[in-house]
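Subject: Structure handover

Hello,

Please find the structure below, with the sequence. My notes on it follow.

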Amino acid sequence: MSELEARSLSRTSLSQSFRQPIRAELIGSNACSALGITARGHAPVLSLCQLLIEGGHDPKRALLAYRGDTLCLSVRSIVEGAALAVEDDRLGTPHFRRRRARGAGAAPYVAQIRKARV
């Protein structure tokens, strides 16, 4: 094998190793960890995707979330996962939605309190 072939082979195997899915571990009901980063919240896998991108990881990599040896959730690419959030509909059923900027959207209904008569 020539030196050029060896370099080409090592670059190919190196790029393939970076394309392997990221293995994440679900911890309890509100945490997920991968590559030394831990996210906590109502949708920790989606939060972890955001943190991984901020940490400089390839946004095109897939993420596989496991609880022990059981695959629980597969995310096609961490950039897609980072773009999602989980919100309850008007009946309280959770659904995936596009992530909105903080402060965007309607505020929850708040009943006005009348001033007490003195």
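C72 is partly exposed, at a relative accessible area of 42%; the term covers values between buried (under 20%) and exposed (over 50%), computed with a 1.4 Å probe on protein chains only. The model is predicted, so local features need pLDDT of at least 70 and side-chain atom pairs count only at pLDDT 80 or more, while totals for chains, interfaces and linings use all residues. Residues are numbered from 1 along each chain as its sequence is written, and side-chain values use heavy atoms, with hydrogens and water left out.

Cysteines. Searching the whole structure gives 0 disulfides, a disulfide being a pair of cysteine sulfur atoms within 2.5 Å. C32 is in none, and the nearest cysteine sulfur to it, that of C49, lies 8.1 Å away. C32 counts as buried, with 0% relative accessibility. C72 is likewise in no disulfide; its nearest cysteine sulfur belongs to C32, 9.4 Å away.

Sheet. An open sheet is formed by 5 strands in the order β3-β2-β1-β4-β5, with mixed pairing. Strands (E, at least two residues) and helices (H or I, at least four) are DSSP runs numbered from the N terminus, and two strands pair if DSSP finds at least two bridges between them. The edges are β3 (37-40) and β5 (70-75); each has a single partner strand, so one side of each is left without a neighbour in the sheet. On average, neighbouring strands are turned by 25° against each other, direction ignored. Axes here are lines fitted to C-alpha atoms, for helices over the stretch in contact, and angles run from 0 to 180 degrees between N-to-C directions.

Helix α2 (residues 44-54) packs on this sheet and touches β1, β2, β3, β4 (63-67) and β5, where contact means heavy atoms within 4.5 Å. The direction of α2 makes about 135° with that of β3. Strands β1 (residues 22-27) and β2 (residues 31-34) run antiparallel and are joined by 3 bridges. In that pair, E25 stands opposite S33 in β2.

Salt bridges. The whole structure contains 2 of them, each requiring a side-chain nitrogen of Lys or Arg within 4 Å of a carboxyl oxygen of Asp or Glu. One joins E25 to R23, with the closest N and O atoms 3.9 Å apart. E25 is partly exposed at 28% relative accessibility, and R23 is partly exposed at 46%. The other joins E80 to R76, with a closest N and O distance of 3.1 Å. E80 is partly exposed at 34%, whereas R76 is exposed at 65%.

Regards
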